[in-house]
Amino acid sequence: MALFHNYYDSASIVLFGIGLATLMLNKNLIKKIIGMNIMDTSVFLFLVSKGYIAGRNAPIITDRYEGVTAYVNPIPSALILTGIVVAVSVTAFLLALTIKLYETYGTVDLEEILKVKGDDHEVNNQSSLD
Amino acid sequence: MKLITSLPLIEILILFISAFLMPFVRKNKNIKIVSVTALTFSFILSVVIVINVLQNGAFYFNTGYIDTILGIQLYIGPVESLLNSLFLFVIILVACFSFFTIDSEIRENRIKLFYIMVNLLSASILGVIFTNDIFNGYVFIEVAALTSCGIVVVKETQDNIKAALKYLIMSTIGSGLILMGIAFIYSFTGHLNIDLIHQAILEDYTQYQKALLITIALFTSGLGVKSAMFPLHTWLPDAHSTAPTASSALLSAIVLKPFAFFLIKIMYRMIGFDLVNQFNIITIILTLGCCGMLFGSLAAIFQKNIKRLIAYSSIAQMGYIFFGIGLGSPFGAAIAVYHMIGHAVTKSALFMCSGLMIEKTGYKTIDNYKGLGHEMPITFALFTLGAFSMIGIPIFPGFISKWYLSIECIHLNQLLLIFVVLASSLLNAVYYFPIIINGFFGIENLKNKEYHSKKVETQKLLPIAALILAMVLLGAFSKNILDFISPELH
């Protein structure tokens, strides 16, 4: 069956689903961030498996050139490197925001946070002309 | 000739380098000067690019390698050059406006960070507009997502952090979907360059119809999250209404558009009009655009907070852009681009006017603006002109895009869609007119009220006036602009 034959692709799509579901459905912010990381990792697996052919080497020529059939396409790996850097920076930003949110609300549960009326609304009612 | 083709890259580099030099500048006043100088230089270069495109036509720029398969390629056609220079024009004026207002809105040690973010954001937006390489586009989209969250969260109130987190989570979902789309298209075409992908798809798309369908769906939903397509817009009202005024103006006017433009690129340059029209997704985009137009306006009617009202109006206006894309014809896409330009100029002016009203009255709710037209006549007059464009009064760009959208609906024999455009325009009037009428004629509210001077400083009004003037000019020269951009999309 094609599904089991392309097991890298199948696995990465399943992982993508798990990550997306965690990101969307979980109320805990830390778990949401973990879900986002799983989602990104699944894309990396999908793309990096496209650049892998069993028995071939990275295109680094040491002693002698062994012909085009001996090497794999290096572009997917290069793309993944960039993707990892992006994912790390987004994760760092999300974690920093979570710390800020925990400082002001005292919880990382999104449901609890959404219940609290923020200070921006209060400014509306309190502020007056003088 | 060599130098002129490398101008787009220089433009992006000026903004990036100036952003990374800013941490070394000590005084906040000098930061502002550095920021606006870099933006102005880029703007001058962008005008040179527009002139060059007018004379010599579209051109490519290859970074590093001459061979297009290896290097990142930039493509600068009429649409790209026009969007680039108009967006920079708006960003400069918003930056000038922020000089006088940002100090009262955010803490002093955050001002430096704000301007670093503004320059990085402008650079990444230019990157998204110019790039002809989808992975490069993804990287620029990520930079834009992080920096736009940065200019929201810079205010650091409770609501503000919550909104920024919501925004960032939604936009990470979007980026994940876009990256998956790129992985899909790379796996069956073997290219990242938009033109090369187009050729590869034309050669053997029949073998990969389902994969192509999934790819388009992934790109549409991913970019839809970022440009607030109807059911994916939930982050927008919070993020845009809690941010500082200058940030809201930038976010609503500029940051939503490049992603929609990137979708146009993917749909029509990478996949092609003929092929896209075979899939149902184009109909889905059209339907979602209609829903956005109606829902955004309906939700705006019930808003009390003026910034939230304008944010919901943005969702409706993005609906028009998706409507234009979803028509599936070259002229529809051209109108979508024209609407991006018109909306960028108008919405930034509206947000800055509302910022001034909030600053001078101390209220955010619309009920308190009765009779304000007498106290702040110029601000309110400018607001009224902007609102006229949103509603679609003739001469203004809002009217022109609605007019041409309706004509294009007639051409495509989809007469029902005209009623959607009409209904949406009427709904726009329902929420903008009460503000204007109460502002100018709600005089009874002024009785028994102590008069406080609400005189607005001229330097704060000048950027808004310039934007409104640009808006009127865009409306007046709409024919020339549409002639300039539409052959590109054919």
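Trainee: Does Ser89(A) count as buried, exposed or partly exposed, and how many C-beta neighbours inside 10 Å does Ser89(A) have?

Mentor: A residue is buried if 20 or more other C-beta atoms, placed from the backbone, lie within 10 Å of its own, exposed if 12 or fewer, and partly exposed in between. Ser89(A) has 13 C-beta neighbours inside 10 Å and therefore counts as partly exposed. Ser89(A) is found in helix H4 of chain A, where helices (H or I, at least four residues) and strands (E, at least two) are DSSP runs numbered from the N terminus. Ser89(A) lies 11 residues from Ala78(A) in sequence and 17 Å from Ala78(A) in space, C-alpha to C-alpha.

Trainee: What should I bear in mind about the origin and numbering of the model?

Mentor: This is a predicted model, in which local features need pLDDT of at least 70 and side-chain atom pairs count only at pLDDT 80 or more, whereas totals for chains, interfaces and linings use all residues. Residues are numbered from 1 along each chain as its sequence is written, while chains are lettered from A and ligands numbered from 1 in the order in which they are written.

Trainee: How many residues of chain A are in contact with chain B?

Mentor: Two residues are in contact if their C-beta atoms, placed from the backbone, lie within 7 Å. On that basis, 30 residues of chain A are in contact with 31 residues of chain B. On the side of chain A that touches chain B, helices H2 (7-25), H3 (29-50), H4 (75-105) and H6 (119-126) each supply at least two residues. H4(A) gives the most, with 12 residues. By class, that side of chain A has 16 nonpolar, eight polar and six charged residues; Ala, Val, Leu, Ile, Met, Phe, Trp, Tyr, Cys and Pro count as nonpolar, Asp, Glu, Lys and Arg as charged, and the others, Gly among them, as polar.

Trainee: What is the radius of gyration of chain B?

Mentor: The secondary structure of chain B comes to 22 helices and two strands. Its radius of gyration is 22 Å, close to the 23 Å that the globule rule gives for 490 residues, so chain B is as compact as a globular protein of that length. The radius is taken over C-alpha atoms, and the rule is 2.2 Å times the number of residues to the power 0.38. Buried residues make up 60% of the 490 residues in chain B.

Trainee: At what angle do helices H18 and H21 of chain B pack?

Mentor: Two packed helices are described by the angle between their axes and the distance between the axes. Axes are lines fitted to C-alpha atoms, for helices over the stretch in contact, and angles run from 0 to 180 degrees between N-to-C directions. H18 (residues 377-391) and H21 (residues 458-476) of chain B pack at about 30 degrees, with their axes 10 Å apart. That makes H18(B) roughly parallel to H21(B); angles under 35 degrees count as roughly parallel, over 145 as roughly antiparallel, 65 to 115 as roughly perpendicular and the rest as oblique. The residues of this contact divide into eight nonpolar, three polar and no charged.

Trainee: Where is Ala228(B) placed?

Mentor: Ala228(B) is in the loop between helix H9 (209-226) and helix H10 (236-242) of chain B. Its phi is near 60 degrees, a positive value in a residue other than glycine. Ala228(B) is buried, with 30 other C-beta atoms within 10 Å.
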